Amino acid sequence: MSGYTNIAVVGAGTLGNYIIQQLLKDKATGSLKEVVVLTRQGSNTKVQGDAKVIKVDYSSDESIKQALTGVHVVISTISGVALDVQGKIAAAAKEAGVKLFVPSEFGGNTEGETEGMFGTKANIQGELKAVGIPYAVFYTGPFADYIWAPFLNLDVASGKVTVAGDGNKPITFTSRPDIARYVSYVLTHLPAEQLKNRAFTIAGDNKSFNEIFKAYEEKTGKKVEVTHIPVSEVDSKIAANPEDLPSVLHKFWATAGPFQQTDNHLYPDWNPSPVINYVPVA
């Protein structure tokens, strides 16, 4: 057991709420003593369950430090537009006595990346080293239960989707509920020394887009019209607008490939769900 019994989550949005709810379940079983949720001042965020919600002024080191006093682990689920604030949070966390910091990765492996959102995530690991606070990183691939949406041109239920490349390269997917279960388990069950300054790579499922679309058609009897965009065309879009998140993600998915080795075995009873279970049906 890690001995970490007080965990704080920064942000309660796309992924954060799933992690919070899983931590609260584990608190109910005695694995944790306290779950703290940090939200920005002025936020209307509401958290269901027995969590301690603290509104924080992220421009104030003292405000962050006070909120994290007594906390053992900080899990950041900050969105891509606010990733840079993590260095400030980590510095205040170290002063508050936090033992471990989990930065907002939860996607593809960003090691060696230098540009855009992936480069920012990679740089944050360097900031954590400079601050001197131990950290644990979780690489999960795209969220199996979240990406099937119009804003990513993957609204499968509409019958029309767009992907970069030929759609044949396998991709690692993991759902947010499965991520939450894994993160909570290893943070509370592994020895503390096995959590420090390491990356955990997990995979809920490995499937190509074409395999998923075929499985969807077999499951529903509905056809999916797939438009394939050359990666070179996606590169041009990114060059014109580096903040074009759909293009950035599709480029990554078309070129990165699945995780070759994973740490799934560290949670023997994890049993994540296959990606096809999360593709919405009209």
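**Note on the sheet and its helices**

1. In this predicted model, Val73 stands opposite Leu100, a residue of strand S5. The strand S4, covering residues 73-76, is joined to S5 by three bridges, and the two strands run parallel.

2. The pairing of S4 with S5 belongs to an open sheet of five strands, whose order is S3-S2-S1-S4-S5 and whose pairing is parallel. The edges are formed by strand S3 (52-56) and strand S5 (100-102), each of which pairs on one side only. From one strand to the next, the twist averages 20 degrees.

3. Helix H2, made of residues 61-68, packs on this sheet and touches strand S1 (6-10), strand S2 (34-40), S3 and S4. The direction of H2 makes about 170 degrees with that of S3.

4. On the H2 side the contact is made by Asp61, Ile64, Lys65 and Leu68, and on the H3 side by Lys88, Ile89, Ala92, Ala93, Glu95 and Ala96. Divided by class, the residues of this contact are six nonpolar, no polar and four charged.

5. Helix H3 (residues 86-96) also packs with helix H4 (residues 116-131), at an angle of about 25 degrees and with the axes 10 Å apart. Because angles under 35 degrees count as roughly parallel, H3 and H4 are described as roughly parallel to each other. Their crossing is right-handed. The residues that make the contact are Gln86, Gly87, Ala90, Ala91 and Lys94 from H3, together with Ile124, Glu127, Leu128 and Val131 from H4. By class, the contact of H3 with H4 has five nonpolar, two polar and two charged residues.

6. Turning to the whole chain, the protein has eight helices and 11 strands. Its radius of gyration is 19 Å, close to the 19 Å that the globule rule gives for 282 residues, so the protein is as compact as a globular protein of that length. The C-alpha trace spans about 55 × 40 × 35 Å along the principal axes of the protein.

Note on methods. Residues are numbered from 1 along each chain as its sequence is written. This is a predicted model: local features need pLDDT of at least 70, side-chain atom pairs count only at pLDDT 80 or more; totals for chains, interfaces and linings use all residues. Side-chain values use heavy atoms; hydrogens and water are left out. Axes are lines fitted to C-alpha atoms, for helices over the stretch in contact, and angles run from 0 to 180 degrees between N-to-C directions. Helices (H or I, at least four residues) and strands (E, at least two) are DSSP runs, numbered from the N terminus. Angles under 35 degrees count as roughly parallel, over 145 as roughly antiparallel, 65 to 115 as roughly perpendicular and the rest as oblique. A crossing is left-handed if the near helix is turned anticlockwise from the far one by less than a right angle, and right-handed if clockwise. Contact means heavy atoms within 4.5 Å. Ala, Val, Leu, Ile, Met, Phe, Trp, Tyr, Cys and Pro count as nonpolar, Asp, Glu, Lys and Arg as charged, and the others, Gly among them, as polar. Two strands pair if DSSP finds at least two bridges between them. The radius of gyration is taken over C-alpha atoms; the globule rule is 2.2 Å times the number of residues to the power 0.38.
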